[in-house]
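Student: I have a structure to go through. Can we check each label against its definition?

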Amino acid sequence: MDKRKLFFLITGIMTTMALHAQNSIDKLIDHFSTVGNAVFRSAVERNPRTGKVVKVVKTLKAEGKAASAIRSAFAEEARKSNSNTSIKDGMKTVILTTRQSGRRSVYMLREPVENDNYPEIKATIIIRFNQ
């Protein structure tokens, strides 16, 4: 196989993996924002001159099945993407970052460290669009 074709094939696979990470968490957040016991907030920042979206921030607080599904998605994506996990003051924070053409995204999950059956989680997604 030609080196050029191989380069494009590898680049395509890596881009697809980054998109999958983002899409799986985004889909869960969107789904649980409309069903179940969850608190969802969304904010959009626009450029006042052009009206184009500059930044989107989504926050979801959930417990039970929703929290379990989101926690699993973050754990799965943390294994295969750029991630950082920290524990401070009894809270575990997982941060995933992705960079795609035209946007940078940060996914953050905060949950208590203690082993409760259904602890509440807080998931935040920050998407900044390049101008």
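Tutor: Start with the order of elements. Along the sequence, the protein chain reads α-β-β-α-β-β-β-β. The model is predicted.

Student: How many helices and strands does the protein chain have, and what makes a stretch count as one?

Tutor: The chain has two helices and six strands. A helix is a DSSP run of at least four residues, and a strand needs at least two. Helix H1 covers 3–34 and strand S2 covers 53–62, so both qualify under those limits.

Student: Why is S4 with S5 called a pair?

Tutor: The definition asks for at least two bridges. S4 and S5 have ten, in the antiparallel sense, so they pair.

Student: What joins S5 to S6?

Tutor: Eight bridges, with the strands running antiparallel.

Student: What is the strand order of the open sheet?

Tutor: S1-S2-S6-S5-S4-S3, paired antiparallel.

Student: What makes S1 and S3 edge strands?

Tutor: Strand S1 (38–46) and strand S3 (82–88) each pair on one side only. Neighbouring strands of the sheet are turned by 10° against each other on average, direction ignored.

Student: Which strands does H2 touch as it packs on the sheet?

Tutor: H2 touches S2, S3, S4, S5 and S6. Its direction makes about 125° with that of S5.

Student: Why is the largest nonpolar core called a core?

Tutor: Its members must be buried, of the listed nonpolar types, and joined through side-chain atoms within 4.5 Å. The largest such set has 19 residues. Ile 25, Ile 70 and Phe 74 touch the most other members. H2 gives the most to this core, with six residues.

Student: Which residues does Phe 74 touch, leaving out those up to four places away in sequence?

Tutor: Ile 25, Val 94, Leu 96, Tyr 107, Met 108, Leu 109 and Ala 123. To count as a contact, heavy atoms must lie within 4.5 Å.

Student: How much of the protein chain is buried?

Tutor: Buried residues are 30% of the 131. Each falls under 20% relative accessible area. The chain exposes about 8800 Å², with 54% supplied by carbon and sulfur atoms.

How values were computed: Residues numbered from 1 in each chain as written. Predicted model: local features only at pLDDT ≥ 70, side-chain atom pairs only at ≥ 80, totals over all residues. Heavy atoms only, no water. Buried < 20%, exposed > 50% of the residue type's maximum accessible area, 1.4 Å probe, protein only. Areas by Shrake-Rupley, 256 points an atom, 1.4 Å probe, with all protein chains shown as cover. Axes fitted to C-alpha atoms, helices over the stretch in contact; angles between N-to-C directions.
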